[in-house]
Amino acid sequence: MRKKIFVTRQGGIGDVILATPILAELKKLYPDWYITLLVFPNAVEIIKGLPFIDEVFVYNKENVSFLDLWKKMHGYDIALYLDLAYRPAMIGFLAGIPVRVGIEHKRKFWLSRKIKWQEYMDHTYEPYVLGDIVKEGLGINISHENLNRLYIASANETDCYDLDAKLSQNGIKTSEKYIVSSPTTAFYLKNWPLDSWNELYRRLYQNYGIKTVIFWSGNLNYNWDTEAVVDLWGQLNLRQVGELIKDACLLVNSCSLPIHIAAAMETPSVVLYGFTDSRRWAPRERCQIVSLNLPCSPCDGYHGSTCTDPKCMDGMSVDMVYDSCARVIIDLKV
């Protein structure tokens, strides 16, 4: 009988992307397994349609009741918890799933194969940590080389056409080189000053003739250098962001979702690190890390930080970031 595995990965969109190599390798090793992935609504657009996921289960506590989730999990052979959420672990137990694997956290009673969180996990690339969970819990060894390969769903034809039109309207022709950047993140301690970003974009355009396309959701009011910057802020969906990054010659960004999209699209990146730990979050390939390496950073750790004066980011010079970008551009012979 075909085995069914229920995988949970609640959290941010980047967290979900970092779990995709696990699912891809499980499907490669066991093509007959039926793989269901539980995610929050925020991540659906970026993963729906990936060939190694048979079903995406969208979990929203407001719309999915305890009973709804119990009915969904009933009949599965394996539950693989790649997050620290409590409720799915408890419901998996009550649904009678025989093999239930995950980090203990506060839910060890509900797990059949309990894995202790170890200090090294705070400072190790997240897909490698997930690979260790799979190895210890299911006896399946996935190589680091395969865990370096991230995945996102492709943009559809309409999305691509709309993106091309937006770039063309802003003076970027088909096949023309451009840089991409999202100059803010969801957390202030990871942000570099907007004036520094603007100066970086200006220098890159002045010295290499390459414009930077800035993007993300919501509103961002800032007087960008209009010669150097193409402002698509708030105009793209997630699949279009993936397509935009795929065709860019470089992503320059703070530690946030776009760096994981760049890793999935094999686009070189320059990433600014201070608050977050590059050992845990930075792509392993095609990534230049810029950091002041202050004694107090990284400080995200397991419980976050109370820092109110992020010298690690505010003190980072434009020269430092520019030099890293220049090295990548020269290596690419752009």
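1. Start with the second largest pocket: its volume is about 190 Å³. A pocket here is an open set of points on a 1 Å grid over the protein atoms alone, where a 1.4 Å probe fits, with protein on both sides within 12 Å along at least five of seven lines. The volume is the space filled by probe spheres set on the points, which are joined across faces, edges and corners. Keep in mind that this is a predicted model, where local features need pLDDT of at least 70 and side-chain atom pairs count only at pLDDT 80 or more, while totals for chains, interfaces and linings use all residues. Residues are numbered from 1 along each chain as its sequence is written, and side-chain values use heavy atoms, with hydrogens and water left out.

2. Who lines this second largest pocket? Among them are Leu-163, Asp-164, Ile-172, Lys-173, Tyr-178 and Asp-247; a lining residue has an atom within 4 Å of a point. Helix α7 (residues 157–169) gives the most, with four residues. Helices (H or I, at least four residues) and strands (E, at least two) are DSSP runs, numbered from the N terminus. The lining splits into four nonpolar, three polar and four charged residues. In this scheme Ala, Val, Leu, Ile, Met, Phe, Trp, Tyr, Cys and Pro are nonpolar, Asp, Glu, Lys and Arg are charged, and the others, Gly among them, are polar.

3. Now for the largest pocket, with a volume of about 1,000 Å³. It has 38 lining residues, and the closest to its centre are Arg-9, Gly-11, Gly-12, Asp-15 and Trp-281. Two or more residues each come from α1, α5 (126–138), α10 and α11. The lining divides into 19 nonpolar, eleven polar and eight charged residues.

4. Have a look at α10 (residues 257–265) too: nine of its nine residues are buried, meaning under 20% relative accessible area (1.4 Å probe, protein chains only). The cover includes α1 (13–29), α9 (238–246), β10 (250–254) and β11 (269–273), where contact means heavy atoms within 4.5 Å.

5. Last, a helix pair: the axes of α8 (residues 194–208) and α13 (residues 318–332) come within 10 Å and cross at roughly 35°. Axes are lines fitted to C-alpha atoms over the stretch in contact, with angles from 0 to 180 degrees between N-to-C directions. The contact includes Leu-200 and Leu-204 of α8 and Tyr-322 and Ile-329 of α13. Its residues divide into ten nonpolar, two polar and three charged.

Notes
Buried < 20%, exposed > 50% of the residue type's maximum accessible area, 1.4 Å probe, protein only.
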